[in-house]
Amino acid sequence: MSLGSTMAAAVFMSLAVCGCGKPSNAPSQQPSMAETPSPSAAPLSEAQKSALLAQLPAPYRSADVSNGEAKFALCRSCHTNSEGGPDMVGPNLWGVFGRKAGSKPGFSYSDDLKNAGWTWDASQLDKWIASPRTDLPNTKMTFVGIQDPKDRADVIAYLKVSTSPAPAGEAAPAANAANSAAPGG
Ligand code: HEC
């Protein structure tokens, strides 16, 4: 009906007019809803995921997050990654970026990891999941490691977007909808 198309045009116009403080190259497509959201948290928008990945060094920014999610199956038998998720054989990994190694309260780490003295970032995680025992022969993480560097980069990118709070300054999908409902200027 013509009313419907008029409204659609109006919404389109207000979206086009309203830059909303985003860079002009922000993706305009809605994220696909194919991913299963974790039970506790709202899924991040594509813009929020991009903003998180942009905090990583270059090779990780262009990593294949879906492949990383698939490869994270290797970790799921021992680790949860959602906010407030339980510790299992290994500690919950929510907030692992920037966390001092072996410091999550309530988890019983090996002395070696508690005393490792490093803070988790992309390159430290890369060394770790390549072969935990290389740096810490007595670690409790009995995991042989991921040999393929691309798979490691993909897992690390997936970890970044799945264990980090939503970045400040990037609107969630619901906020976008609210903005576009407001009368344009
Ligand atoms: C067989 C179980 C197991 C598997 C599989 C496993 N982990 Fe672990 N992970 C552990 C345990 C146990 C620890 C604690 C190690 C210690 O205390 O020495 C740990 C520790 C960690 C830590 C350090 C966390 C902290 O708070 O300092 C990270 C990061 C980590 N694992 C990531 C991964 C990733 C990513 C994968 C998959 C690629 C993986 N792990 C696979 C059991 C596992």
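The crossing of α7 and α9 is right-handed; a crossing is left-handed if the near helix is turned anticlockwise from the far one by less than a right angle, and right-handed if clockwise. This is a predicted model, in which local features need pLDDT of at least 70 and side-chain atom pairs count only at pLDDT 80 or more, while totals for chains, interfaces and linings use all residues. Residues are numbered from 1 along each chain as its sequence is written. Helices (H or I, at least four residues) and strands (E, at least two) are DSSP runs, numbered from the N terminus.

α7 and α9 pack at about 125 degrees, their axes 10 Å apart. Axes are lines fitted to C-alpha atoms, for helices over the stretch in contact, and angles run from 0 to 180 degrees between N-to-C directions. The pair is therefore oblique; under 35 degrees would be roughly parallel, over 145 roughly antiparallel, 65 to 115 roughly perpendicular, and the rest is oblique.

Which residues of α7 and α9 meet? A122, L125, D126, I129 and A130 in α7 meet R152, V155, I156 and L159 in α9, contact being C-beta atoms, placed from the backbone, within 7 Å.

Helix α2 (residues 46-53) also packs with helix α9 (residues 149-163), at about 120 degrees with axes 9 Å apart. That angle makes α2 oblique to α9. The crossing of α2 and α9 is right-handed. Here K49, L52 and L53 in α2 meet A157, K160 and V161 in α9.

Note on methods: Contact = placed C-beta atoms within 7 Å.
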